[in-house]
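Work through the exercises below with the model open. Try each task before reading its solution.

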Amino acid sequence: MRFLITLREMVIEVLAGTWIPLLLYADDIVLISDSPEGMQRQLDALHRFAQESGLSVNLGKTKVMVFNTTPQWIRRSAPTFTYGQEKVEYTDAYTYLGVVFNGPAFSLRRAAETRLTRAHVALGKLERMCIQVKFEEPRTKLWLFDTLVASVLLFGAEIWGPSLDHHGRSGRSDGWGDMEKPLVSMISRLIKAKTYSTTCYYTSRASCLPTGG
């Protein structure tokens, strides 16, 4: 099992002389341990460091995640972690730097679903803007899609992208076929085609690459 804790509102370089494997970006820190004992030692070291440095941790944004186990184990057997005298809550999902991580069976499915939802919202805003100014020039609109929609869709794809494939073996998601739906939707309106036509047909008609390509 792997224990992971995410904390907000902290900037840390050295933790009371204790070596701690972590991820650190601005005021976000992730502590990582392969055992409950190791995680508690890291929390204790963090607490000492914060006290000595006059810093504080926002426990409302501090959560514990356990990977590679089952929800039943967490409910029945998960140890209690404390920061000072305060109990740290468990969670089964946490967003770190814009990417959603899921446990206890490690998954990035929700990260991909979140990007897809936000891309559809961005596409809706683009379409409304184009309708208001009566703009439908294909090449420029595809450029606007890349700038305003694809950038939203593919944020963090280096992390969650490998969990997808073109055949939908990633759980509820249909892989990259799902991720291409915003592009297919926009191109279908541009060329006035049926939305059930294939992605390859759309992208060849529009002379652009599929989103997952």
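**Exercise 1. Which way does H4 pass H7, and which residues make the contact?**

Solution. H4 passes H7 in a right-handed crossing. Right-handed is the case where the near helix is turned clockwise from the far one by less than a right angle; anticlockwise is left-handed. On the H4 side, the contact (heavy atoms within 4.5 Å) is made by Pro 138, Lys 141, Leu 142, Phe 145 and Val 149. H7 brings Pro 182, Leu 183, Met 186, Ile 187 and Leu 190. By class there are nine nonpolar, no polar and one charged. Ala, Val, Leu, Ile, Met, Phe, Trp, Tyr, Cys and Pro count as nonpolar; Asp, Glu, Lys and Arg as charged; the others, Gly among them, as polar.

Now the geometry. H4 and H7 (residues 181-191) pack at about 160 degrees, axes 11 Å apart. H4 and H7 are therefore roughly antiparallel.

The model is predicted: local features need pLDDT of at least 70, side-chain atom pairs count only at pLDDT 80 or more, and totals for chains, interfaces and linings use all residues. Residues are numbered from 1 along each chain as its sequence is written, and side-chain values use heavy atoms, leaving out hydrogens and water.

**Exercise 2. At what angle do H3 and H4 pack, and which residues meet?**

Solution. H3 (residues 109-132) and H4 (residues 138-153) pack at about 150 degrees, with axes 8 Å apart. Axes are lines fitted to C-alpha atoms over the stretch in contact, and angles run from 0 to 180 degrees between N-to-C directions. H3 and H4 are therefore roughly antiparallel, the class for angles over 145 degrees. The crossing of H3 over H4 is right-handed. Among the H3 residues that meet H4 are Arg 115, Ala 119, Leu 126 and Cys 130. H4 answers with residues including Lys 141, Phe 145 and Val 152. This contact has 13 nonpolar, no polar and four charged residues.

**Exercise 3. What pairs with Lys 63, and how many salt bridges are there?**

Solution. A salt bridge needs a side-chain nitrogen of Lys or Arg within 4 Å of a carboxyl oxygen of Asp or Glu. The count is six. In one of them, Lys 63 pairs with Glu 89, closest N and O atoms 2.7 Å apart. Lys 63 lies in S4 (residues 63-67) and Glu 89 in S6 (residues 86-90), so the pair ties together parts 26 residues apart in sequence.

**Exercise 4. Where is the cis peptide bond?**

Solution. The bond from Gly 103 to Pro 104 is cis, omega near 0 degrees. Pro 104 sits in the loop between S8 (99-102) and H3. Helices (H or I, at least four residues) and strands (E, at least two) are DSSP runs, numbered from the N terminus.

Key
Parallel < 35°, antiparallel > 145°, perpendicular 65-115°, else oblique.
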